Structures are given as C-alpha cells and as structure tokens.
Amino acid sequence: MGSVSVRGVSKDYVLGRTTVRALHDVSLEVERSEFIAIAGPSGSGKSTLLNLVSAIDTGASGKGLTDGVTLRRPNDDALSDLRANKIGFIFQTFNLIPVLSAYENVEFPLLFKKDGAAAKARVKEVLARVGLADFMHHRPDELSGGQRQRVAVARALVTDPLIVLADEPTANLDSETGEAVIDLMLEINRQAGTTFIFSTHDPKVMNHARRVVRLVDGRIVAS
C-alpha cells in the first residue's frame, strides 16, 4: 500500500507543570509513491508528525493509519512489522553507530532476518545504489557529511520499505551535497515507487517536492 492517513490528530507533551500541544487537529492523506514535504519553522510540529506516522511516538488523539496499520493502539505484531519491514527513517543527525562500518550500519536492520546470504547481498546492493560501494568498510568518522547521509539513506532502504520518512535530511549538509541527496531520493521514488515524506524548512527540498504541506504552530495552514 505505502499510504498514510491521519485524521483529527492532536498530540500533547507534558514538560514539568506545562502542557505543550505539538499538533492541533491535523488531518493528512498521503498516497502511495508520493514525494511530499511537510514544511514549517522549528517547533511547528513536523518531527512530531513524522514520529507518529512511523509509530516511534504514540499517545496522540484522533485516527491514524500507516500502510493500513492503526497507529493509536496497534498490536505488538503489527507495530513490529510496520517498523521492521514497511518504514525506513532517515534522521537529521544521521544516527549512525560510530564503531561500525558503513556496511555494518546498513546491515543492522537485517540482523534478525534468517537468510544471512540474501541480507549480505542486499546490503551491498543498496550501498552501490547510493554510490558507496568503495566505502563500505569505512567508519562514519572516515566519511564526509554527504557520505554519512548516504549511509543513512541506504540503511533506510535496506528492508525495501514502502514508505521512507526523512526528518530534515539536508539540515547538516552543504547546498551541493543536499541537492545530490535529494536527487538520489527522487530517483529511488521514480524507480521503486517508494513513498517519501520529508520534514523540512529547506527551500531546495520544497522545490523538489511534488506537494508541500505547511505546518505552523502544530496546525496545517496550506497543502
């Protein structure tokens, strides 16, 4: 499927004696193979929305479905399958394990798969696809920022997910490298039909998106 549906979703965080509403009655439909940007300033609720869609975070009111799985109270099996097989997540700060090589970082989501030979072939395939076939044995501190982000992209793709969520994927990259990473994701979207949902305030990402959803203070103001 590769689709996302959230309807009337609100999310609060309790910070000491203060309750902060991160999302206010948000509704959004994303079809399979879309390439969309959720845009807005820092603190607008972009990351919160991605975390809810990926089931990294829970406890929101309203209704949500990611690839047909209910987000509010999914059973353990459905939630585990969603995270392990259907969603890839690209973090703003890469979140690579520093003591592991590029190969080992990409391999990590496959460690619980039974077919070791197929897993190894898949890791090499996605590293080649993102242009890192010659760097698979390098650790993150031996790679440039753009190369580290490509490792993060490869790790998100290695399970062949239906949906990739990218939280500010160009925030720590120079403009040329950021453009190259977005072009790579566009190519994957066209070739594999993978759904991409970005959170961003980068105009370059918005220019490439086929649809821009704007969030301000936790509310959708334009789509």
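In which hand of crossing does α5 pass α6? The crossing is right-handed, as set out in the second legend below for this predicted model.

**Figure 1. The largest pocket of the predicted model and the residues that line it.** The space in this pocket amounts to about 550 Å³. Its lining is made up of 19 residues, and R83, A84, I87, F89 and P109 are those that lie nearest the pocket centre. Two or more lining residues come from each of α2 (76–86), β6 (87–90) and α5 (145–157). By class, the lining of the largest pocket holds 10 nonpolar, six polar and three charged residues.

**Figure 2. The crossing of helices α5 and α6.** Helix α6 spans residues 175–192. The axes of α5 and α6 come within 10 Å of one another and cross at roughly 20°. Because angles under 35 degrees count as roughly parallel, α5 is roughly parallel to α6. The crossing in which α5 passes α6 is right-handed.

**Figure 3. Side-by-side residues in the contact of α5 with α6.** From α5, the contact draws on G146, Q149, R150, V153 and L157. These residues meet T177, A180, V181, L184, M185 and I188 in α6. Sorted by class, the contact of α5 with α6 comprises seven nonpolar, three polar and one charged residues. Helix α5 also gives two or more residues to the lining of the largest pocket shown in Figure 1.

Key. Residues numbered from 1 in each chain as written. Predicted model: local features only at pLDDT ≥ 70, side-chain atom pairs only at ≥ 80, totals over all residues. Heavy atoms only, no water. 1 Å grid on protein atoms, 1.4 Å probe; cavity = no way out; pocket = protein on both sides within 12 Å on 5 of 7 lines; lining within 4 Å. Points joined across faces, edges and corners; volume = space filled by probe spheres on them. Helix = DSSP H or I, 4+ residues; strand = E, 2+ residues; numbered from the N terminus. Nonpolar A, V, L, I, M, F, W, Y, C, P; charged D, E, K, R; others polar. Axes fitted to C-alpha atoms, helices over the stretch in contact; angles between N-to-C directions. Parallel < 35°, antiparallel > 145°, perpendicular 65-115°, else oblique. Left-handed = near helix turned anticlockwise from the far one by under 90°. Contact = heavy atoms within 4.5 Å.
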